[in-house]
Amino acid sequence: MIGIINYGAGNIRSVSNALDRLGAAYFVSSNIDELRQAQKLILPGVGEARSAMESLDRGGLVEWLRTVDVPFLGICIGMQILFERSTERDTTCLGVIPGIVSKFDTSKGKVPHMGWNTVEVRRESLLFNGIRNNEFFYFVHSYSAPVGPATTGLTEYHHPFSAAVQHGNFYGVQFHTEKSGRAGLQILQNFIERC
Amino acid sequence: MLTKRIIPCLDVQDGRTVKGTKFLNLRDAGDPLELAARYSEEGADELVFLDISASREGRKTFLSVVERVARAIQIPFTVGGGISTVEDILRVLDAGADKVSLNTAIVLRPDFLNEAAAAVGSQSVVAAIDAKRENGSWSVRIKGGAERTKLDAVAWAQETVRRGAGELLVTSMDSDGTKAGYDLELLRTIAGKVPVPLIASGGAGTPEHLALAITEGNADAVLAASIFHYHELSINDIKRFMRANNIPVRL
């Protein structure tokens with residue numbers, strides 16, 4: 001069973017609709033004891049890092065999330081908070097992946113980065129099984145994660161940034177895979193079946 | 001490379017898609033769910049649904065349309081029409097919409113825009129502006145174009161961004177439904193003054209019109225309704241035309 005972490009900041013409905021389409025069994029919860037039972041975890045997200053971290057903290061989930069050993073997928077903000085810190089209101093994040101998430105430079109072009117952009121596969125990842133290189137995914141974000149050893153997918157907007165990451169059992173996608181058409185569903189299916 | 005977006009727009013009244021000319025003379029254009037699925041298959045990058053129902057019953061029906069659309073398609077969509085409270089916003093986002101489009105309510109009470117952005121984030125808040133040419137500039141109309149305001153459309157566009165709009169949907173009332181092309185001057189003027197993405201609306205008739213909104217109007221996305229509803233043009237035709245003209249599109 002997949003546990004979707006509900007921390008009041010996610011587009012839970014979009015993710016659960018996508019899982020329904022894939023016929024996956026899941027539950028939605030903010031309760032740590034329930035979430036501990038999940039075989040896989042998804043942390044969806046829209047909004048901003050600070051409020052996401054605060055709301056995870058209120059639910060007593062932060063320390064636990066740092067140490068979960070089941071496959072974990074963070075989407076959008078859910079990916080960003082895997083990093084050490086976000087310059088979005090100088091927020092300390094989970095610190096699973098080294099690096100600092102920072103704002104796009106508004107002098108270089110429009111912010112947010114909104115729309116369909118290509119993802120270049122940089123490193124083998126189970127998440128990208130069956131996905132062609134430079135496939136399009138849907139992005140909406142004003143902050144971006146740096147490129148590093150954890151980067152599995154890379155996208156360029158103003159500068160190259162991490163569109164997808166993996167560090168052990170922690171997976172993350174900056175794009176809204178639940179809103180990225182067939183390719184997006186494939187990523188979710190890969191997470192469910194292969195990770 | 002970030003691609004330019006093609007966005008079919010569905011005006012929904014009492015659960016059916018309708019379309020008029022210059023905001024009047026509505027005619028039936030089909031089942032919104034069927035159209036949404038078709039557009040999604042044909043490669044639409046996003047969809048916009050505007051509720052133009054006048055009755056409470058119509059609004060209820062609309063919310064169930066939003067829920068069904070969210071289950072049926074896997075691309076982002078924006079919902080607008082009659083949204084005037086944060087509760088209204090949460091209701092449509094909970095139903096599965098990704099963004100809300102705010103129009104009359106933010107003109108009548110601009111602080112609502114700040115409240116909306118604080119509640120759900122700027123990325124989910126689109127400021128929709130209906131602009132009409134008057135004495136060499138553009139003024140803002142509200143209530144589906146029926147009511148004039150004293151607001152200058154360009155100044156208002158800038159203010160909406162200051163107040164937290166993450167994207168602008170600019171409709172030329174003079175061009176809407178005419179199929180004679182977008183108001184490129186209006187688009188270019190606003191695009192040059194705001195740091196957020198701009199969606200062009202009103203006047204699409206040919207692939208060239210949509211391409212011009214991007215190359216000459218500096219829009220990030222183009223919205224159209226009737227050319228898609230009545231199968232006059234397919235989204236694919238438009239994207240191929242754009243690609244041939246060096247506009248980056250998702251194909």
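Predicted model: local features only at pLDDT ≥ 70, side-chain atom pairs only at ≥ 80, totals over all residues.

**Notes on the cavity, interface and cysteines**

1. The structure holds one cavity of 30 Å³ or more, a cavity being a set of points on a 1 Å grid over the protein atoms alone where a 1.4 Å probe fits but cannot get out.

2. Residues are numbered from 1 along each chain as its sequence is written, chains are lettered from A in the order in which they are written, and side-chain values use heavy atoms, with hydrogens and water left out.

3. The largest cavity is lined by residues of both chains, namely A:S14, A:N17, A:E178, A:K179, B:A70, B:I73, B:Q74 and B:G96, where lining residues have an atom within 4 Å of a point.

4. One of these lining residues, A:K179, also forms a salt bridge with B:D98, the closest N and O atoms being 3.0 Å apart. Between chain B and chain A the count is three salt bridges (a side-chain nitrogen of Lys or Arg within 4 Å of a carboxyl oxygen of Asp or Glu).

5. The contact (heavy atoms within 4.5 Å) takes 35 residues from chain B and 27 residues from chain A.

6. There are zero disulfides over all chains, a disulfide being a pair of cysteine sulfur atoms within 2.5 Å. For A:C76, the nearest cysteine sulfur is that of A:C93, 13 Å away.

Notes:
1 Å grid on protein atoms, 1.4 Å probe; cavity = no way out; pocket = protein on both sides within 12 Å on 5 of 7 lines; lining within 4 Å. Points joined across faces, edges and corners; volume = space filled by probe spheres on them.
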